[in-house]
Amino acid sequence: MQLIYNTIKFTLDDGIGHLVLSQPPSNAMTLEFFLELGILVGKMQEMQSLKAIIISGEGRHFSSGAALNELLGLADIPSKGENQRNGTVLMDLLNRNLDAFLFFEQTEIPVISAIRGACLGSAFELAIFSHFRFCSEDAVIGLPETTFGLIPGIGGISGVAALAGKSIAMELILRGNTFTGLEALKMNLVDGIFPKKQVVASSIEFARSIIRNYNKRKKNLYLQRMIK
Amino acid sequence: MNILFDVTDNIGIIKINNPPGNFLVKPEFMPIDELKNWIDANHLKGILVGGTGRHFSGGAKLDDLYALAKDTGKMHEEMDRGKILLNYIKTLNIPVIAAIQGSCFGGGLEIALACHIRICSENALFAFPEINQQLMPGLGGIGAMKEKSSFHEAMAFILGGDMINAEEALCMKIVDQIVPYGELFNHSFTLLKKMTSGRELKVIHYVMKALHNTNSLSKEDAMKEDTVMFCELAKDVVERRKKGE
């Protein structure tokens, strides 16, 4: 089965759902992307035969993150809905998107982000909601929001603090610098490194090895088994 | 003066200044109101805490402690003031880095643990020696240790009362980074600059608030708060752009 959107390609192949961010070269997360991701998540929740999800980017990069100017365009438009606290259209969009991101964390089937090239801002936030993150050694990862006068807005702060500890989270987020896949591994922000051309293939192989009786609370056990 | 305050480029520098050992004169090692005013008046974006000379701090002096213990009521009051100060530092909305060299013992270590990031030089030494005098850390150091290290590591360290070196402290996550002796201050200051220069104070406050929220709110509620703060900052960015800044 295949679902083709303007910004995402989704293929269900033998139980494994391949969610590909598909606006090359940078696979920027545009407003259209956020809307389409929400639609796709709704459909995935109904797919009985979906047993694992692998998220990756088309071409050389995972994604450069949110299309900032598009988001900022919604920042001062008041929300029409029932939203409290000076709601804006931007807040509605991000709240809906947070729900979509949370699906990946809360689902009981394995979710793996296969990261090559750039994985910045909201794209890294999306990856953080995956159960596993694998990347290439030279992947370029970071949360640069503070350098634009913003903060990571879709769960990235809690996620990084939970994985790497508050001290590292504080440094990374306030500095807003990028770091490599190898550095991310040392900080516990990713779970494994593969050669660039094999990141996706290895993620698929790993997914197949854990699909049966998968229990996301046994993450460390699966990783130990993989290393052996 | 037992504490020196200095400001460079919106970064505050606090030095425990009671050489050679930098012993703490009392649990509230600096007046909290003075600290608050100093932060506000200088629009501080970050704080560096260190010691004058070769050591961070040797903690409380036993004689002082025993003298204080004669008056139970006063001791309680002073300990409470100390805890309020350390909790204030821990929950500050700007980053606080402890730059640790030489000895960092007892109350000194509790101060370091209240800071957000700990950087030490290769020659740093850490201990809770309280147990050797039939005492225990009294300013929240036990809870702070347990947050950083595992239960058994914290227990062995506090009950053992032994000194550990920088490498061991790094393994136990008591410190975040080790740098060569002599580079400690510059390295820590540069890091704080990289984390704060060019950032609006509000952005720094919101990042810190979001990080503190991860302790006080459920994960989902913390994330929802992040979204609210993001939207507010986005509005600010748009307004600044409209004004052509």
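Which residue stands opposite A:Ile141 in strand 9 of chain A? I come back to that in point 5, after a walk through the contact between the chains. Please keep in mind that this is a predicted model.

1. The contact between the chains. Chain B brings 40 residues to the contact, and chain A brings 37 residues. Together the two chains bury about 3,600 Å², and carbon and sulfur atoms account for 68% of that area. On the side of chain B, three residues are worth a look: B:Leu211, B:Met223 and B:Phe230 supply 19% of the area that chain B buries against chain A, more than any other three residues.

2. The rule finds two salt bridges between chain B and chain A. One of them joins the side chains of B:Lys219 and A:Glu105, with 3.1 Å from N to O.

3. What chain B puts forward. The elements of chain B that give two or more residues to the side touching chain A are strand 8 (117-121), helix 8 (184-196), helix 9 (201-216) and helix 10 (219-242). Helix 10 of chain B provides the largest share of that side, with 20 residues. Sorted by class, the side of chain B that touches chain A holds 21 nonpolar, 13 charged and six polar residues.

4. Over all chains, a search of the whole structure gives 20 salt bridges. Among them is the pair A:Lys9 and A:Glu58, whose closest N and O atoms are 3.0 Å apart. A:Lys9 sits in strand 2 (residues 8-13) of chain A, while A:Glu58 is in the loop between strand 4 (52-57) and helix 2 (68-72) of chain A, so this pair ties together parts that are 49 residues apart in sequence.

5. A sheet in chain A, and the opening question. Three strands of chain A make up an open sheet in the order 6-8-9, with mixed pairing. Strand 6 (118-120) and strand 9 (178-180) of chain A are the edge strands, each pairing on one side only. On average, neighbouring strands of this sheet are turned by 25° against each other, direction ignored. Strand 8 (residues 140-142) of chain A runs antiparallel to strand 9 of chain A, and three bridges join the two. Here is the residue I asked about: A:Phe179 in strand 9 of chain A stands opposite A:Ile141.

Methods. Residues numbered from 1 in each chain as written. Chains lettered and ligands numbered in written order. Predicted model: local features only at pLDDT ≥ 70, side-chain atom pairs only at ≥ 80, totals over all residues. Heavy atoms only, no water. Contact = heavy atoms within 4.5 Å. Buried area = accessible area lost by both parts, 1.4 Å probe. Salt bridge = Lys/Arg side-chain N within 4 Å of Asp/Glu carboxyl O. Helix = DSSP H or I, 4+ residues; strand = E, 2+ residues; numbered from the N terminus. Nonpolar A, V, L, I, M, F, W, Y, C, P; charged D, E, K, R; others polar. Pairing = 2+ DSSP bridges. Axes fitted to C-alpha atoms, helices over the stretch in contact; angles between N-to-C directions.
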